[in-house]
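The stops below are given in the order in which they may be selected.

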Amino acid sequence: MAFYKLLARYLAALGIIIAGAVVLHLVAQPRGLHITSAELAVESTVGYQSPPATLIRRAMPDDWTAVALPNAAIPQLALSQHADAEAPDTQVTWYRAVLPQPVSPADKGYLYIPRWKSDGTLAVYVNGELQYQSHANLQWNGSNRPLRIGFDVTEGAPPINAIVIRLQHLRGIGGALSSLWVGDFDQVGPAYMVRNLFQAELSYLTSAAFLASGVFSLLVWFRRRQERLYLLFFLMSAATFIRGLHNHLGLERLPFSDAWFGWLTVNSTMWMVAISHLFLITVLHVRASWITAVVGGATLVLGLATLPLFSAALDPTLTAPFAYAAAFVVCNLVGISSIRAAWRAQSMEGLVLAVWVLLTAYLGINDLMLQNNLISIEGYFILPFVQIALVFAFFHLVLAHYLGAIDAVENSNTLLAERLTAREAALLASHERLREIEQRELLLQERQRLTEDMHDGLGSSLIGALRMVERGRLDETELKQILQGCIDDLKLTIDSMEPVETDLLLLLGTLRFRLEPRLESTGIKLNWNVRDVPPVFWLDHRYALHILRVLQEAFTNIIKHADATEATVSTGVVAGDIVISVSDNGKGFDTAAPRAGRGLANQARRASAIRARLTVESGSEGTTLTLLLPIRQLAEDGVAG
Amino acid sequence: MATGSKPLKVTIVEDDASFRGSFVAAVEAAEDMLLHAAAENVAQAMALLGGPPSDILVVDLGLPDGSGIEVIRAAHSAWPDCGIMVSTTFADDRHVIPSIEAGAAGYLLKDSSQSRMADDIRTLHSGGSPISPRIARKILLRFRPVEAPAQPLLSPREQQALELITKGFSYDEIAELMGVTRNTVMTFVRRIYQKLEVSSKAEAIFEARSHGLL
């Protein structure tokens, strides 16, 4: 499973890092003169005094007791505070170590102090002269940083034989000293660097890097407000950064008060727990519950109670142990509830994070004990490292979320493209089908048209000729006429299959081309009086054939019955209609006669099929057939045959 | 139209015995014409082309051993002075235009009367070519400048004549409308047919070039 593979990879990386750190630590063990015993003297004071430049035996306490280094007093937990903040109860703790043999400062030039604790000041004396003093705030004074003090090397300087350390701090809390090392740079330098790295620099570097990614996350959140995870990730990175400050700040005097610094760094622990909780319920899609209320409430109460705005507010140094205890309880609550939620949601990532949050609470016990001098003060605070891992867990989750979103976009793009292709194919297929149907429809129409036409024209003419031959009334001229008519019919049918492209005159020209030989042979003069007419967009095969047949009939009548010497075809436009007229100067005919009536009915039927109007006027002066074609026809009108 | 000089030598290539018969009869009935030869298929027609030229050659397209188009093309180069006509039932542009492209100068309608056939032959010999409105229309489309940019174009007069033909006007009417003689109109059509032939050849060359054959 992908998750376990990933977890194994993370754990392997973690193992390698820890192993590397341990190896580094072992390689960089300090060497040289190791001072593990000293004499201790304590003086009660009020307020803080500057240390003397030179130690004078008379001014020093009298009762010294031998102690082993590291040495630490168990702090007294007290929520009471000295009424006078300007002059609190303090004490000076003196450590005096006499070297087993004097060393030359030119030879062994460094004093290395892995850890010192003083919620106050530090001064280091060499051979009774002040060599080093702290220049920091009283409480947040960088005591987490190891000290490496270079001895002043002056001409004719005497060998060093005694080192005295003066700590002045609040009475009852603080004040502790690790063992001391004296050696040359090679002996104590790497040890100092490694310890400094682990105690201060690493926390600083990782929390800064984390904060940078948090800012990126914040920028993402600005654009995607509904994705709370990005905001929480930023808040977590900010809280972690603030929390990390107390690991590495303090060598120099801070630009703000001890009280605010303490408030920030102590409260940030609680903030981290609260944000972890929100982060987890977001990841696990769990609704806020009473746990959220408890976490929020505790965070708020602690924050307000320790706010250094009022003189009555408690000093964070004093309240820190209580704050940490509260954080421990809340962290347990968050951890356990999140583990349950993750288990229910079957989210392995969520489970790991929840377990880690819970673990943080318990690993924090080490730090609490170290802080309160309950274990060797030469140990390390673990939480900074735990926080680094926690940061990576958060980072992993947000990254997974981010990559998931990108994947989703890519997938949806692919899906969209696939859908589009499918749609296109479907559209193409339906288009193809439609075209097929259209084609079939067209063929059907064409077949219908030709069948009807043959039935009315060619078919009946041929049958007439056949009957005539059968009855033996073989009038050669008449038969010839019939057959000629059949051929003309056929020619017009073929012409009607050619596209005329809206050109009515072309259609008429074609008709003339077909009928001219017969007119000529009968001696009828044809006057071609056509005028240009607008394009007729509805002119298709069916319309064309109907027009041809109506006019053909008119010509046939002129040739057969009119006894005319002239015929005239003219075109024009009258009130939205194209007018085609065929007239002759023949004898005319009775339009009511049955024979003429049948031909007229046929013409009228064809005319109405194309929504044209037909009039035939006949008299002794001749006959005029007029066909009125609308220039525009509504497409939906359709055509009946 | 009989000139009184040497009679027109007319040759027919036609597989349908009935039409061949009536055509031969029409030729024999005309004093000024002489049947030069008659062939039934492409092979016989090709054999004839090796011999002395005829004045008029009438070719049917649907021959049993091949297309009359081959015969027209071969005759056009073998007998360059011979007037070639395609015989057709309908004078439809699908048959007539390829024939003109192959070198024919006109067509003969198969259902024409004998005298009409003789007239059409004489007209062709004297330089006039028949044309139908639909063929005119096809040629106009063919010579649209966009269709044939690198080919001989129709002159404005030729163009005008063709347009009038599509509207059904006769040669006489066109001559009157354009203020020229009937003969001039007929030679317009003959020239247009020649341009069509040249343009089809140019097109073939262009095609061959673009396909890398030349």
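The mean for chain B is 88, and 92% of its residues reach 70 or more. Within chain B, confidence is highest in β3(B), at 95, and lowest in helix α9 (residues 182-210) of chain B, at a mean of 83. Helices (H or I, at least four residues) and strands (E, at least two) are DSSP runs, numbered from the N terminus. The model as a whole scores ipTM 0.88 and pTM 0.54.

This is a predicted model, in which local features need pLDDT of at least 70 and side-chain atom pairs count only at pLDDT 80 or more, while totals for chains, interfaces and linings use all residues. Residues are numbered from 1 along each chain as its sequence is written, and chains are lettered from A and ligands numbered from 1 in the order in which they are written.

Next, select the strands of the open sheet in chain B. Five strands lie in the order β2-β1-β3-β6-β7 (chain B), with parallel pairing; two strands pair if DSSP finds at least two bridges between them. At the edges are β2 (33-39) and β7 (106-109) of chain B, each of which pairs on one side only.

Within this sheet, select residues 56-60 and 83-88 of chain B. Strands β3 and β6 of chain B run parallel here and are joined by five bridges. B:Asp60 has B:Ser87 in β6(B) as its bridge partner.

Which helix of chain B gives the most to the side that touches chain A? Display the contact, in which two residues count if their C-beta atoms, placed from the backbone, lie within 7 Å. Chain B supplies 15 residues and chain A supplies 14 residues. Helix α6 (residues 133-142) of chain B gives the most to the chain B side, with three residues.

Now move to chain A and select residues 229-248. This span is 100% helix and 0% strand, with its end C-alpha atoms 29 Å apart. The unreviewed UniProt entry lists residues 229-248 among the "transmembrane region" spans of chain A; such annotations may be inferred rather than shown by experiment.

Finally, select residues 613-619 and 622-630 of chain A. Strands β17 and β18 of chain A run antiparallel and are joined by seven bridges. β17(A) and β18(A) form a hairpin with two residues between them. A:Leu614 has A:Leu627 in β18(A) as its bridge partner.

Definitions and conventions
pLDDT is the predictor's confidence in each residue, from 0 to 100.
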